[in-house]
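Please read the following explanation alongside the sequence and the coordinates. It goes through the contacts between the chains and then those within one chain.

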There are 2 protein chains.
Amino acid sequence: MARWQPETTQRLVVAAVDLFTEQGYDATTVAQIAERAGVTKSTFFRHFSDKRELLVAGQETLSRLLAEGIAEAPPDAGPLDAVAAGLERASSAMGPANRELGPRLRAAVAASTELQERDALKSVGLAAAMTAALIARGVQDPTAHLAAELGVLAFKRGYAEWSEGDRDDARGLAHHALAALRELRAAAASLG
Amino acid sequence: MARWQPETTQRLVVAAVDLFTEQGYDATTVAQIAERAGVTKSTFFRHFSDKRELLVAGQETLSRLLAEGIAEAPPDAGPLDAVAAGLERASSAMGPANRELGPRLRAAVAASTELQERDALKSVGLAAAMTAALIARGVQDPTAHLAAELGVLAFKRGYAEWSEGDRDDARGLAHHALAALRELRAAAASLG
């Protein structure tokens with residue numbers, strides 16, 4: 001299984017989200033985050049350009065995995081089946097640390113307009129990566145764009161279910177993301 | 001026809017977008033925007049909290065109009081027909097000044113990550129307003145959310161067509177937004 005993030009990155013993210021939750025995003029400094037993670041400020045800046053970037057750690061990895069899964073789906077797979085393959089690929093890289101982060105991350109984002117903006121642009125980036133991967137498979141626009149949007153919604157809903165749900169539920173993120181995609185697919189069909 | 005924005009607001013937006021295009025977003029100050037628009041800085045701050053907010057002028061109005069159109073659609077209208085009514089209502093408030101702004105606005109956004117983030121959150125806000133209006137009509141989630149996302153995509157595509165297309169094309173924004181919605185509806189049906 002692919003490592004989602006190098007260990008230091010992971011530690012910085014956990015430290016930052018803890019501090020955002022304890023004292024708010026605006027009041028948290030890079031120095032505090034580095035100290036909590038047990039690293040120097042210069043180590044912090046080797047990993048992130050600023051504290052906000054912490055919260056989108058992994059966005060590039062996530063985009064790449066989604067696109068790879070779509071690219072490698074069987075040639076005869078339809079757009080949403082290709083999207084499902086992308087969700088499976090991306091989910092396989094998300095482990096217990098990602099699950100634990102979910103609720104605290106969401107609390108931090110809910111409390112800050114700046115983080116909401118960054119988070120919204122992250123979704124746009126993920127949709128763009130999936131749209132491009134679908135178009136490379138020969139899917140026409142706007143079908144490609146629409147299928148990608150369904151993929152983003154499914155990933156977000158699946159991640160929320162997985163990270164906020166029952167900890168005794170051993171099913172992984174892939175299960176929840178694919179269930180959400182099936183639900184959205186049915187909803188799309190019902191639009192008429 | 002509803003006035004989209006009070007005249008001073010409109011003038012400030014035009015001045016700002018011109019300056020963003022001429023010299024970049026970061027290099028543009030509130031003082032310069034106010035001067036170009038022929039008003040004082042304190043007049044500026046009566047209308048906007050900062051220069052970034054200029055670019056989302058009208059977001060609240062737009063959300064309200066979309067939601068009103070959805071709420072007032074015939075009781076037996078399906079989710080996408082209600083969305084179409086929302087698009088028509090919102091389009092009716094967009095005049096020639098909005099059309100002229102489109103390309104320059106897009107250029108300014110393309111050149112600034114900060115503006116891209118704000119713009120992405122704007123789309124999230126519009127989708128949320130439409131989702132809430134659809135749920136109030138009894139549409140279930142995730143159908144409501146999905147129909148709202150189609151509405152946002154249709155509005156953005158229609159606005160791009162209208163504001164960047166042939167100036168001799170006298171058809172209004174509503175025509176282009178509804179055409180985009182029909183295309184997205186067909187794409188949704190083709191997802192299978």
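Between chain A and chain B of this predicted model, the count is 4 salt bridges, a salt bridge being a side-chain nitrogen of Lys or Arg within 4 Å of a carboxyl oxygen of Asp or Glu. One pairing across the two chains joins the side chains of B:Glu117 and A:Arg118, with an N to O distance of 3.4 Å. The interface of chain A and chain B also holds 6 residue pairs in polar contact, both residues being at pLDDT 80 or more; a polar contact is a pair of N or O atoms within 3.5 Å, where within protein one must be able to donate a hydrogen and the other to accept it, and where residues adjacent in sequence count only if both atoms are side-chain atoms.

On the side of chain A that touches chain B, at least two residues each are supplied by helix H6 (79–91), helix H8 (113–136), helix H9 (143–164) and helix H10 (173–190) of chain A, helices being DSSP runs of H or I with at least four residues, numbered from the N terminus. H9(A) gives the most to this side, with 8 residues. The residues of the side of chain A that touches chain B divide into 14 nonpolar, 6 polar and 8 charged, where Ala, Val, Leu, Ile, Met, Phe, Trp, Tyr, Cys and Pro count as nonpolar, Asp, Glu, Lys and Arg as charged, and the others, Gly among them, as polar.

The contact takes 28 residues from chain A and 28 residues from chain B, with contact meaning heavy atoms within 4.5 Å. Chain A and chain B bury about 2500 Å² between them, 67% of it on carbon and sulfur atoms; buried area is the accessible area (1.4 Å probe) that two parts lose on being put together, summed over both. Of the area that chain A buries against chain B, A:Glu117, A:Leu146 and A:Leu191 supply 28%, more than any other three residues.

The same surface serves both copies, since 100% of the contact residues of chain A recur in chain B.

Within chain A, an automatic or database domain assignment gives domain 1 (1–56) and domain 2 (58–190). The C-alpha centres of these two domains of chain A lie 24 Å apart, and their contact takes 16 residues from domain 1 and 20 residues from domain 2. Domain 1 of chain A and domain 2 of chain A bury about 1700 Å² between them, 67% of it on carbon and sulfur atoms.

Across this interface of the two domains of chain A, the rule finds 2 salt bridges. In one of them the side chains of A:Asp18 and A:Arg104 meet at 2.2 Å, N to O.

Residues are numbered from 1 along each chain as its sequence is written, and chains are lettered from A and ligands numbered from 1 in the order in which they are written. Local features need pLDDT of at least 70, side-chain atom pairs count only at pLDDT 80 or more, and totals for chains, interfaces and linings use all residues, while side-chain values use heavy atoms, with hydrogens and water left out.
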